[in-house]
Amino acid sequence: MAHEIIMPKAGIDMTEGQIVKWLKKEGDSVSQGEIILEIMTDKTSMELEAEASGVLLKILRQDGETVPVTEIIGYIGEEGEEIAPKESADEEPVEEEEDTTEKTMTRLEDSYNVIVIGGGPAGYVAAIRAAQHGAKVAIVEKGEFGGTCLNLGCIPTKAYLKSGEIIEGMEMAASRGIIFESTSYKVDMPKVLQHKNTVVKKLTSGVEALLRSNKVDIFKGVAKINKNKDVVVDNSTVIKGDKIILAGGSKVSRINIPGIDNPNVLTSDDLLALDVLPETLAVIGGGVIGIEMAQAFEALGSKITVIEMMDRIIPSVDAEASELLTKLLKKKGVKIMTSTKITEIADKKGKVEVKTEGGESVVADKVLISIGRLPDMEGVGEVEFEMERGRIKVDKYMETSVKGVYAPGDVNAIKMLAHVAFRMGEVAADNAVKGNKRELKLHSAPSVVYTHPEVAMVGLTEEQAREKYDIRVGRFDFAANGRAMASGDNVGFVKVIADTKYGEILGIHIVGPAAAEIIQQASLLMEMEITVDEVIKTIYGHPTYSEALFEACADVLGEAVHIIKKQQK
């Protein structure tokens with residue numbers, strides 16, 4: 001008799017699990033104790049072993065499906081064995097399907113305390129936060145949970161950038177006395193893509209599991225707000241609620257120039273889905289996304305040209321940081337064209353020619369359009385919000401001009417970063433459930449560019465600070481940091497900008513190893529309003545990259561020990 005494979009109950013509170021991936025297919029032989037599939041519960045991945053030997057006769061529930069505990073998901077038995085279906089007068093799959101369809105076509109009478117539109121960083125965090133407060137919550141998502149960051153942005157690019165780091169590590173191994181018999185390698189782009197997709201799938205599954213564990217009702221489809229302030233899903237299901245959190249996220253921005261519709265002109269979404277590495281890639285836009293993509297694909301083997309309209313790449317970061325990153329990218333072979341305006345994109349024998357105002361053109365296999373993102377207004381529907389430069393205007397409580405509707409995240413375009421969206425989602429949920437009491441504060445929110453070396457900043461740039469304050473600037477190079485020297489990763493610096501009168505930290509800028517981690521310390525210093533004098537009273541561990549932050553603070557006061565003293569003339 002065939003042996004049933006069931007979704008296990010791995011904890012007292014576990015009610016369902018999601019199948020991440022079957023490691024065997026129907027007809028494959030399996031041995032008792034052999035791992036046959038991966039499942040996700042809450043945000044933990046588990047491996048399920050076969051409880052019997054034989055052949056995997058049938059897979060009933062597929063990858064990505066969420067299944068209640070103890071439900072049968074497959075069968076193991078002898079080759080050719082027929083599976084006897086369980087008899088149950090209550091189970092009629094076709095009727096269940098019809099009932100479900102019938103339900104989605106009717107108006108839902110049960111009212112929710114909070115309805116969230118969008119399952120990105122702002123949306124799913126808002127839904128969970130509201131549920132933690134005891135609210136009855138529904139969330140509507142038209143695609144995959146996790147939003148742009150998880151599916152098409154920060155997480156996928158980091159997977160690619162890590163592959164580039166591995167390649168660079170191999171190339172520098174010889175200088176550290178590690179000699180490979182062969183240093184040749186090739187990039188298997190389909191496998192690179194598969195790895196990225198696996199990482200994304202696990203995280204998106206985890207987000208959905210978190211929502212379910214917090215008893216958030218999930219609806220799939222396009223949601224819009226009607227004139228009665230109800231939420232309508234796919235023009236069929238009407239959901240009523242007391243408060244609405246509109247977290248629709250953002251979409252790729254495009255420029256209106258001749259030839260923009262060329263099939264070889266890609267968005268970042270398209271580029272991250274390629275299973276063939278372009279030999280040459282032109283990147284239009286030298287902002288954060290463009291530069292991260294440029295370095296990721298350069299490391300994998302593409303020849304890169306970056307075209308930026310402004311006078312430097314990543315204009316939002318400190319000028320000195322931008323200058324150093326430009327120098328390092330050029331050293332890697334990346335061509336960077338600044339103060340350059342594009343006039344036309346033309347087909348050139350299967351390739352793409354990007355023409356510029358100065359007459360110089362760039363020919364490449366693929367072109368990436370990376371000029372930023374725009375708020376996605378699809379969820380607005382029939383409601384008229386007060387707008388500001390194409391974004392939904394919100395107050396310090398994340399509430400819109402329409403009372404009871406909040407708009408955290410990229411739809412308000414205040415600061416389009418995933419970690420900022422997390423905080424906005426929390427603030428919106430707190431206020432939607434408990435009344436407008438919590439205000440949004442962003443002065444200590446960091447920004448990071450995940451290049452190699454990483455670039456991170458919090459607070460004001462040196463230029464901005466000089467316009468408002470009398471300042472002192474401290475700087476420490478990683479070239480003098482013991483941990484960086486030992487690691488062979490000693491390019492970059494930490495810059496600290498402080499008010500002269502009180503020593504208050506106004507901004508911190510880092511280019512170098514672990515910048516994305518060290519900037520968290522910097523954010524905490526600014527949030528706690530700690531002065532440079534107080535920082536240098538702290539004992540930092542040695543050897544650590546973080547000592548560079550300590551030394552830069554000390555340099556503000558002229559007390560840095562590990563900086564060569566300049567001789568007075």
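Biologist: In which sense do β21 and strand β22 pair, and over how many bridges?

Modeller: First, this is a predicted model, where local features need pLDDT of at least 70, side-chain atom pairs count only at pLDDT 80 or more, and totals for chains, interfaces and linings use all residues. Residues are numbered from 1 along each chain as its sequence is written, and side-chain values use heavy atoms, with hydrogens and water left out. Strands (E, at least two residues) are DSSP runs, numbered from the N terminus, and two of them pair if DSSP finds at least two bridges between them. β22 covers residues 361-364, and its pairing with β21 is antiparallel, over four bridges.

Biologist: Which residue in the turn between β21 and β22 has a positive phi?

Modeller: The two strands form a hairpin with four residues between them. Within β22, Val362 is the bridge partner of Val354. The turn residue with a positive phi, about 100°, is Gly359.

Biologist: What is the bridge partner of Asp347 in β21?

Modeller: Strand β20 (residues 342-348) pairs with β21 (residues 351-356) in the antiparallel sense, over six bridges. They form a hairpin with two residues between them, and Lys349 in the turn has a positive phi of about 55°. The partner of Asp347 is Val352.

Biologist: Is Gly33 buried or exposed, or in between?

Modeller: Gly33 sits in the loop between β3 (29-30) and β4 (35-41). Leaving out residues up to four places away in sequence, it touches Glu49 and Ala50, with contact meaning heavy atoms within 4.5 Å. Buried means under 20% relative accessible area, exposed over 50%, partly exposed in between (1.4 Å probe, protein chains only). Gly33 has 36% relative accessibility, so it counts as partly exposed.
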